[in-house]
Amino acid sequence: MKNICNFESQMPLSNDQEIPCATQRYDLTPDTMLINQAHYESEVRSYPRRFPIAIKTTRGVIIEDTKGQIYVDCLAGVASLPLGYNHPEINQVIISQLNQGIPYQSLDLTTPVKDHFIKTLMNFLPKTFAKNAHVQFCGPSGSDAVEAAIKLAKMVTKRNTMISFHGAYHGMTNGALALTGKLSPKNRRTSLMSDVHFFPFPYSLRCPFGLGGIQGIKQSIRYIESVLENDESGMTKPAAIIVEPVQGEGGVLSAPNIWLQALRRIATKYEILLIFDEIQCGIGRTGDNFAFTASGVEPDILLLAKAVGGGMPMSVIIYNKSIDCWLSGEHAGTFRGNQLAMASGAKTLEIIERDNLTKNAQQRGEQLRRLLSEIAQKHPCIAEVRGRGLMCAIEIVKENEFNPLGHPVSDTQRTLQIQRLALERGLIIEISGRQGAVLRFLPPLIISETQINFVAKIVEYALENTSVSQ
Ligand SMILES: Cc1ncc(COP(=O)(O)O)c(C=O)c1O
C-alpha cells in the first residue's frame, strides 16, 4: 500500500497483530431465548408474536429453529431474501470481500464494489429508464428511500401535496407513514406529514364504487382526474403520485396495466411526478425484473430496497438526471455506503439473471395459484386467490356473509388460526390486507416445485382443521 501523503514513518500501514479466529458459542435453550426476548425487548416487537420461534440455522428456503423444527419460509424477510438464506455464492462474495480489506461501509465515497454494483443495477433496469438515470443511495431502510423521494418531488415541483392510495404501505418514518393506508400504526400518531390525499386502488373484491373489474378500474381513474380538474376539491395540485405496482402489505393487489398507464398519462398531463415504490415487488419478485415493466410505462422516480441488497440493508432511488436538483448533502445519512450490501446486491442481481429466476418466480407463482385455486373450490372461505409471480395471496372470508357495502365479511380469526396451524406444520406465511384476513406467500425466488407442493398441502391441512369464526 502506498501512502500518498508521505507520512510513512508516522503512519502504521500494516496491522501485524495476530487476529484470533473466534467462534461465538450461544446458549441455545429455546424457551429461555423466547422468555428473554419477551423480558428485554420492547412491546413494539411484532413478528415474534405470530412466529414464537428462535431461529437456529437457515439455508435456502428453510429455517431450522432451536427446537429442531424445520420450516419452509414463505415470508423471507418480507421479500428481502430473493435467493433465500445463506446462498453459498452470496456468502462467498461477502467473505472474499472482507478478506480483501474492503471497508464495511464508506459513507458515499466510491469503491470498486460500489462501482460494480451501480453498473450491475443499471443493467438490470429497463434500458430506456437506465439511459439517463441517476442513482441516489439512501439510508438502509426502504422508508428512507421514500423520505428522499418525497423531498425530491416537492423540490422539483415546488408543491407540497402528495397522492397515495388505500392499502398503500410505504414505511414507518414520518413522511412514509403519512403516505401509508394502514391505520393501526397511525391511530396514535399526531403531526404526520400534511397534505396527503388517498384514492382507491383497484380491488375488485372490495371495490369502493361497487363495480369491480374493468368498470372499477375506469372509475378509479375518472375519480382521480375529476378531483384534479375540480377547483373546489380541497386538494391543491400535488407534487407526486406514489404507488406500489403491486401492493404488498395492503393484501397483494396488483395494479392493472391499464390503470398504471392511465396514472402515467394523468401524471404527465398535470405535470405531477409519478413514483413507483418497488421496495417489495421489485427485483424479480413478480416474474419480471420490475413489476412496472409489464405496463410499458415508466416512473419518474423508482424506489428500491429490501431485495436490492441481496439480504443486506440498502435502499436506492433512481430518477432522470433532469430532475436531480439536490444540493450536496441535502439528503444525507451515515449508512449510505454499505459495501457488504453492494457486494451481495450485485451478486444477487447477477444470479437472478444467470439462473433465470424471474422465470422460476413466474412458474412457481402460477403453480401455487393453481394449487390454491383447486383448494378454494373445496373451501369457499377463500374469496380470492391472487398475485403475480411469487407475490401470492388468499383472502379469507365468512361464507355468504356480506357487509352493508356488499363486500364479503373478512374472517380475521380464522386467518390467524390458519397461520398458526401452518406454523405448527412447518410453514411460515404472513397475514396482511384489510382486517388482517389475507394470507400471503412471498418465498425466495429459488423455491422449488416440491416446496410449492408442500406449501399448498399445509394450507389445505390448515383450512381443513379450522372453521369459520363466530
Ligand atoms: C412497498 C414498501 N415500501 C416501503 C417499505 C418500507 O421499507 P422498510 O421497512 O425497509 O423501511 C416497505 C416495507 O415493507 C414496503 O413494502
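## Around the ligand

Let's start with the shell around the ligand: its residues divide into 5 nonpolar, 7 polar and 3 charged. Here Ala, Val, Leu, Ile, Met, Phe, Trp, Tyr, Cys and Pro count as nonpolar, Asp, Glu, Lys and Arg as charged, and the others, Gly among them, as polar. Of the 15 residues around the ligand, the ones that come nearest are Ser 141, Gly 142, Ser 143, Gly 171 and Gln 280. A residue is near a molecule if its C-beta atom, placed from the backbone, lies within 6 Å of it.

Helix H7 (residues 142–157) gives the largest share of this shell, 3 residues. Helices (H or I, at least four residues) and strands (E, at least two) are DSSP runs, numbered from the N terminus.

## What kind of model this is

This is a predicted model, where local features need pLDDT of at least 70, side-chain atom pairs count only at pLDDT 80 or more, and totals for chains, interfaces and linings use all residues. Residues are numbered from 1 along each chain as its sequence is written.

## Two domains

The chain is divided into domain 1 (20–80 + 356–470) and domain 2 (94–354), with bounds that come from an automatic or database domain assignment. Taken over C-alpha atoms, the centres of domain 1 and domain 2 sit 25 Å apart.

So where do they touch? In all, 29 residues of domain 1 are in contact with 23 residues of domain 2, contact meaning that the C-beta atoms of two residues, placed from the backbone, lie within 7 Å. On the domain 1 side, helix H3 (76–79), helix H12 (357–378), S13, strand S14 (391–402) and strand S18 (438–441) each supply at least two residues. That side of domain 1 divides into 12 nonpolar, 11 polar and 6 charged residues.

## A closer look at Arg 386

Strand S13 (residues 382–388) is where you'll find Arg 386. Is Arg 386 buried or exposed? Arg 386 is buried, because 22 other C-beta atoms lie within 10 Å; the cut-offs are 20 or more for buried, 12 or fewer for exposed, and partly exposed in between, with C-beta atoms placed from the backbone.

Leaving aside neighbours within four places in sequence, Arg 386 is in contact with Val 252 and Ala 393. Gly 365 is 21 residues away from Arg 386 in sequence, and 9.9 Å away in space, C-alpha to C-alpha.

## An open sheet

Finally, 4 strands form an open sheet with mixed pairing, in the order S1-S2-S3-S16. Two strands pair if DSSP finds at least two bridges between them. Strand S1 (55–59) and strand S16 (427–428) are the edge strands, each pairing on one side only. S1 pairs with strand S2 (residues 62–65) in the antiparallel sense over 4 bridges.
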